[in-house]
Each structure stands twice: as structure tokens, then as C-alpha cells.
Amino acid sequence: MTPEKRADYWSANLLLLMVLLIIWFVVSFGFGILLVEPLNAFHLGGYPLGFWFAQQGSIYVFVALIFIYAAAMNKLDIKFDVGEE
Amino acid sequence: MTALEIWTYSIVGLTFATYIGIAVWSRAKSTSDFYVAGGGVNPVANGMATAADWMSAASFISMAGMIAFNGYGGSVFLMGWTGGYVLLALLLAPYLRKFGKFTVPEFIGDRYYSQTARVVAVVCLILASVTYVIGQMTGIGVAFGRFLGVSYEMGILAGMGIVAIYAIMGGMKGITYTQIAQYVVLIFAYTIPAIFISLNLTGNPLPQLGLGGEYMRDGVSSGMTLLAKLDQVVTDLGFKEYTTQVMGSSLNMFVYTLSLMIGTAGLPHVIIRFFTVPKVRDARFSAGWALVFIAILYTTAPAVGAMARLNLIDTIQIGPIGSEQGNLVYDDRPDWFKRWEATGLLKWEDKNDDGRIQYYNDQNPEFAAKAEEWGWRGNEMVTVNNDIIVLANPEIAGLPDWVIALVVAGGLAAALSTAAGLLLAISSAISHDLLKGVFMPHISEKRELLAGRLAMIAAILLAGYLGINPPGFAAGTVAIAFGLAASSLFPALMMGIFAKRMNSAGAVAGMIAGLVVTLLYVFQHKGILFIQGTSFLAPDLGMGANWFFGITPEAFGAIGAGVNFLVAIAVFKFAAPPPEHIQHLVEDVRIPRGSGAATGH
């Protein structure tokens with residue numbers, strides 16, 4: 001494997017990480033803490049929306065993020081031919 | 001023997017027999033079996049074992065109570081203890097699996113080509129894990145003491161005995177398969193009472209939906225949501241509004257959540273679970289499964305907390321607030337109330353001698369005038385322990401005895417599974433990192449396996465001793481265990497993977513700086529090793545309580561991590577870059593191809 005290809009794989013990985021970690025930050029620290037008050041003006045069923053993100057929503061998003069990461073990395077592994085046999 | 005005792009002995013006995021059966025079936029035959037369960041664990045199974053490994057006595061018994069009494073502020077635990085898995089899955093687990101060794105200090109030692117780095121990592125690991133394991137031991141002692149009619153010490157000895165059987169014989173292999181069984185026990189024990197209480201209060205069997213549903217006790221519609229009802233009930237008694245009550249300040253909640261997340265990702269007993277799966281891709285998916293299994297409990301806990309708080313207040317405040325008949329007559333208190341008074345988790349003092357219970361917030365100056373007018377002389381529920389929320393939940397909801405017995409078995413499963421994982425992290429650090437890594441590099445595999453078992457015995461004895469005689473710092477699980485994992489281990493691991501040129505000097509200086517700064521802040525508030533009277537806050541010098549931007553010592557790990565990163569980068573610039581072969585090692589860790597099963601050499 002050439003050093004260029006190695007570097008490309010790594011930067012594709014870093015880009016993916018950046019996108020996913022931004023979402024991770026926004027749903028928990030953003031919606032759950034920093035923006036909780038304005039969001040509480042809206043409701044999701046009987047939940048004030050900010051409170052819902054802090055006690056329920058962020059956790060669901062975390063689960064989704066890990067599976068999206070795992071699936072996307074598998075694709076990257078195949079694309080760059082660095083996966084396990 | 002009462003019916004409840006018979007149920008409790010039967011269910012706890014049955015679960016214990018299962019754990020012992022698994023122990024006999026899964027004996028360790030090699031160091032690979034002992035340290036990483038042979039490296040062939042299915043990723044979903046490992047996810048389940050990780051969930052049990054992770055969810056401790058505190059998650060099971062105490063967390064819902066912490067949420068119940070902190071309301072929205074309790075969200076730091078919910079987000080912090082789950083969000084860390086995103087960091088673990090994306091930043092650490094797959095790469096450390098690819099590295100393919102047995103322990104966390106081993107990665108740090110190899111990556112930073114330094115025995116010093118490895119020993120510092122061992123010290124952090126042992127400090128964090130020992131503090132953490134004491135909490136599990138006391139949890140076991142308390143559960144036995146309250147429900148099985150044996151003494152606290154006997155309870156701990158029984159717990160030690162059961163862990164010893166499967167951890168010494170099977171090492172990680174025995175621990176993995178018992179953790180899977182323990183997960184099943186604990187998740188049923190947690191969710192069944194939650195489903196009943198949610199049905200009872202909202203008509204919805206799913207607690208996650210019930211918490212956002214309409215309040216309709218016993219099917220009677222109230223026209224209000226459950227959370228609005230709870231907000232009203234607590235504010236009417238002078239407490240802070242449930243859905244907006246913050247913990248400290250928004251900044252403190254932010255830093256606290258971040259500390260718990262980083263700490264979660266850096267805890268060695270969790271990381272080593274990912275060394276047991278066959279491939280890098282398995283490690284990625286396994287982290288997702290772990291969080292699925294964790295989320296089942298973590299999304300249920302806020303419903304349990306909110307609903308139990310409402311039930312507790314409704315039990316005491318039976319009529320309009322302020323009218324004499326509004327408060328429960330003490331002699332009419334329900335049976336569960338009496339039972340939990342006997343344990344000291346609930347305590348009542350009749351401050352105004354009216355024989356009725358007044359439970360309200362007497363620290364609220366705006367409420368004081370009203371309370372005065374009604375003849376209330378202070379909050380009479382002088383103790384309402386957090387743990388009551390989960391432990392008394394089935395009794396408050398009027399559930400049958402077998403559910404109560406199941407909760408006991410669940411609490412024990414949560415404590416035992418976490419204790420075993422921690423004990424393995426401690427014993428492998430001693431036998432693999434210290435003995436084989438530093439003192440006896442040429443030890444044979446057979447003798448290392450024996451050393452691992454002896455280290456396990458020593459760790460169990462130490463944990464039991466500290467459980468029976470808890471030192472002051474046992475109260476500091478969050479501050480010390482999460483603080484050290486966050487401030488010392490996580491940055492070293494992360495830079496080890498993502499900063500190819502980070503050198504030994506930088507990493508070691510960073511780890512030590514993070515460790516020292518965090519411990520100093522914690523000890524400054526709580527006393528040196530939490531010994532009373534040795535705290536050294538200095539308000540005259542601007543160092544009063546929570547002097548650093550109002551951040552509490554429990555929340556300080558993230559600040560320590562920041563110090564670690566800064567110091568590491570500063571020192572890095574003055575030292576030589578890592579040798580060529582280390583940079584190749586980092587390149588190699590970043591790519592899945594070529595991963596084998598974890599090995600000891």
C-alpha cells in the first residue's frame with residue numbers, strides 16, 4: 001500500500017470522525033445544555049424539547065452515531081482495500 | 001421466614017448457581033483465555049458483557065435517585081455515562097484492538113517506548129479501579145444486609161466468594177460469560193418495576209414514552225402531562241422546578257458531562273473488553289451493541305426517577321398543601337415506609353409535634369413564610385436517601401414479592417459484574433504489566449497464568465477488606481476514578497493514536513500533570529485521600545469552594561485532561577520525535593488489515 005493511499009484513507013477517516021463528533025456535541029452539549037432553555041419552549045409529546053434531548057434524545061443519537069461510524073468505516077476499509085480478510 | 005425472604009433466597013440462589021455453573025464450564029487454559037477470553041467473543045455478546053461490566057451498583061441502585069432529586073440537573077449522568085461510548089468507539093476501541101495486546105498500560109508503554117509511561121498508567125489504573133471496586137463491594141454488602149438478613153460483612157464475604165470462583169478459574173473468559181448472564185438478570189430487574197410504575201401513572205407500558213405522556217394515575221385522566229404535574233407538585237412544596245433545575249451552573253453541567261464522557265472512554269476495565277473480539281470491525285460494532293444494551297437502562301432511569309419522586313410526594317402529601325389534613329399522619333404510614341426507616345435510608349423527625357409528616361424544601365426563603373403560617377417547623381423527612389428510589393420502587397408501586405426479590409438479584413448482578421471487570425483490570429496490570437513487563441520479562445506463560453490467578457486472589461482480598469473497612473476515598477468514585485481516567489489515561493491513549501509524532505517525554509509529562517492537577521483539586525476540597533480535616537481550601541487567596549469557575553471537584557476531570565494535552569504539547573516541542581519504528585507502529589494501528597488475536601508478546 002502506497003503512503004499516499006494510506007494518507008487518503010486516514011483523512012477520509014478523520015473527516016468522518018469530525019462530522020460524527022460535531023453531531024455528538026450538538027445533541028448533548030448543544031441541545032441538552034447550552035440551548036436547553038430556548039428548546040424547552042417547544043414540546044415533543046409531553047416532553048419539553050431541551051429536557052428530552054438531555055434525558056432521552058441524546059442517548060438515541062449516540063447509539064445511531066456508533067452504528068453509522070461502524071458501517072461507514074467498513075465501506076472505507078473496502079474502498080481503500082485495508083480491511084481484514 | 002417470610003414469603004419475601006423465600007423469594008429473595010430462591011432468585012438470588014438461582015442466579016448465583018448459574019454464575020458458578022458458567023465458571024465451571026469456562027475455565028481459562030492460557031494467558032490469552034485469562035486476559036482476553038481467548039479473543040474470540042462474538043461482538044453482540046461482548047456488547048452485552050460490556051454493558052454489565054459498565055453498569056455498576058451505582059448505575060443500578062443510585063442513578064435513578066440522583067435524577068429524581070436533581071431533576072434536569074441529573075442529565076449530566078445520563079449524557080456523560082453514555083456519550084463516552086461515542087468517544088470510545090470512534091477514538092480508541094478499534095485502534096487499541098488492532099494493536100492487539102492484553103492491557104491498557106501495555107499500549108501506553110509500547111507506544112511511548114517507555115517503562116515510566118507504562119508504570120504511570122499502571123498507577124492510574126490501580127488508583128481508579130480500586131476506588132471503583134470499593135463501591136461495588138459496599139453495594140453487595142448493603143444488598144445482602146437489607147434483604148437476606150445476613151450481616152454486612154457476611155454479605156461482602158459471600159460476594160467475594162462468588163466472584164473468586166469464576167474470576168480465578170476463568171479469568172476474562174469466566175467473567176465474560178457470567179457478565180452476559182448478569183446483564184440479563186439486571187435488565188429484567190430494572191425494567192419490570194419500571195413498566196408497572198409507568199402503566200400505573202400514565203397508562204403507557206414503555207417508561208420512555210410514559211415520562212412524556214399524560215398523568216393519569218390508575219387510568220384517571222388529569223389533563224396534564226406527567227412532567228407538568230411533577231413540576232407543579234415539587235414547586236408547590238418549595239422545591240426547584242424538576243425539568244429546569246440545574247446542577248451548580250450550566251457551565252458546571254457542561255464540564256461535568258464532558259468529564260464523565262472522557263472518563264468513561266478512558267476507564268481500563270471497559271477498554272479491555274474490546275480486546276476480546278476477533279477483529280477490528282467487530283470492535284466497532286461491539287461498542288454500538290454495548291451502548292444499545294446500556295441505553296435500555298439509561299433511558300428507563302429518568303422515568304423511574306421522575307415517577308418515583310411523584311409517588312413519594314403523593315404518599316406523604318395526601319391532600320391540599322397547607323391544610324392540616326393534607327399531610328400523612330405518621331402512624332398511618334405504609335409498610336414499605338417502616339421497612340426503609342429501619343435501614344436508615346428514610347428518617348422522620350416530628351419537628352412541630354403534630355404527628356403528621358411535612359416534606360418540603362425548608363432551604364427556600366420564599367417558601368418559609370407560608371410554612372411558618374401553616375405551623376410547619378422544618379422539613380421532617382430528614383433523610384431521603386437516593387437509593388430508596390430504586391430499592392423501594394416495587395413496594396411503593398405495590399408490586400408482588402417476586403419483583404422485589406428480582407430487584408435484589410439485579411442489584412447484586414450489577415455490582416458483581418462490575419467488580420469482576422475491575423478486578424481483572426487490576427490483576428492483569430499486576431501480573432502482565434508489572435511482573436512480566438517490568439520485573440520478570442522471561443516468565444513462562446504457565447507461570448504468568450499462575451501469577452495472574454494469584455494477583456486476582458490478592459485483588460479480591462484487598463477489595464473485600466476495603467469494602468468492610470471503607471476508607472474515606474471510597475466516597476470519591478466519580479471524582480477519583482473518572483477524574484483520573486479522564487485526566488491521565490484518555491489523553492495519552494488518544495494522542496498515542498492521533499498524534500503520530502507525540503513523544504515519550506510529552507506524554508509522560510502530560511499524564512503526570514493531568515493526574516496531579518486533578519488530585520490536587522479534589523483533595524483540596526475533600527481532604528487528602530478524603531481524610532477529614534485535611535482539605536486545604538484557601539478562600540483568602542481566592543480558592544474557596546469550587547473556586548475554578550464554579551466547577552465542582554467531581555466535574556474536574558475534563559480540566560485535568562485539558563492540562564494534560566497542553567503540557568504534553570509544550571514538552572513535546574523540546575524533546576526528540578519518536579523513533580521510526582514507533583511511527584510505523586502508529587501507522588499500522590490506524591489500519592485494520594493484519595489484525596490478529598490479542599497476544600502477550
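Which residues line the largest cavity? Keep in mind that this is a predicted model. The lining is made up of B:Phe60, B:Ala189, B:Tyr190, B:Pro193, B:Val304, B:Val390, B:Asn393, B:Pro394 and B:Val407. Two elements of chain B give two or more residues to that lining: helix H8 (152–202) and helix H17 (393–396). H8(B) provides the largest share, three residues. By type, the lining has eight nonpolar residues, one polar and no charged. The volume of this cavity is about 60 Å³. A search of the whole structure turns up three cavities of 30 Å³ or more.

A word on confidence here. Mean pLDDT for chain B is 92. In that chain, 99% of residues reach 70 or more. Within chain B, H17(B) has the lowest confidence, with a mean of 84. The highest is in helix H9 (residues 207–210) of chain B, at 97.

Next, the open space. The largest pocket holds about 850 Å³. How many residues line the largest pocket? There are 40, and those nearest its centre are B:Ala58, B:Ser62, B:Ala474, B:Ala475 and B:Thr477. Five helices of chain B are listed as giving two or more residues to this lining: H4 (57–70), H5 (75–99), H7 (115–147), H11 (250–266) and H20 (477–498). H7(B) gives the largest share, ten residues. The lining divides into 24 nonpolar residues, twelve polar and four charged.

On to the aromatics. Over all chains, the count is 43 aromatic pairs. Take A:Trp52 and A:Tyr60 as one example. Their ring centres are 6.4 Å apart and their planes meet at 40°, so this pair is tilted. A stacked pair would need planes under 30 degrees apart, and an edge-to-face pair over 60. A:Trp52 is buried, at 18% relative accessibility. A:Tyr60 is partly exposed, at 36%.

Chain B also has a cluster linked by ring pairs. Its members are B:Trp54, B:Phe77, B:Trp81, B:Tyr85, B:Tyr132, B:Tyr256 and B:Phe482.

The charged end of B:Arg309 is over the ring of B:Phe239, 5.1 Å from the centre. B:Arg333 lies over the face of B:Tyr330, with 3.8 Å to the ring centre.

Last, the backbone. Where in chain B is B:Ala37 found? It is in the loop between helix H2 (31–36) and helix H3 (43–54). B:Ala37 is not a glycine, yet its phi is positive, about 55°. Is B:Ala37 buried or exposed? Its relative accessible area is 9%, under the 20% limit, so B:Ala37 is buried.

B:Asn546 also has a positive phi, near 50°, and is a residue other than glycine. B:Asn546 lies in the loop between helix H21 (504–526) and helix H22 (557–572) of chain B. At 26% relative accessibility, B:Asn546 counts as partly exposed.

That's my tour. Over to you.

Conventions. Residues are numbered from 1 along each chain as its sequence is written. Chains are lettered from A and ligands numbered from 1 in the order in which they are written. This is a predicted model: local features need pLDDT of at least 70, side-chain atom pairs count only at pLDDT 80 or more; totals for chains, interfaces and linings use all residues. Side-chain values use heavy atoms; hydrogens and water are left out. Rings of Phe, Tyr and Trp (its six-membered ring) pair if their centres lie within 6.5 Å; planes under 30 degrees apart count as stacked, over 60 as edge-to-face and the rest as tilted. Buried means under 20% relative accessible area, exposed over 50%, partly exposed in between (1.4 Å probe, protein chains only). A charge sits over a ring if NZ of Lys or CZ of Arg is within 6 Å of the ring centre and within 35 degrees of the ring normal. On a 1 Å grid over the protein atoms alone, a cavity is a set of points where a 1.4 Å probe fits but cannot get out, and a pocket is an open set with protein on both sides within 12 Å along at least five of seven lines; lining residues have an atom within 4 Å of a point. Grid points are joined across faces, edges and corners, and a volume is the space filled by probe spheres set on the points. Helices (H or I, at least four residues) and strands (E, at least two) are DSSP runs, numbered from the N terminus. Ala, Val, Leu, Ile, Met, Phe, Trp, Tyr, Cys and Pro count as nonpolar, Asp, Glu, Lys and Arg as charged, and the others, Gly among them, as polar. pLDDT is the predictor's confidence in each residue, from 0 to 100.
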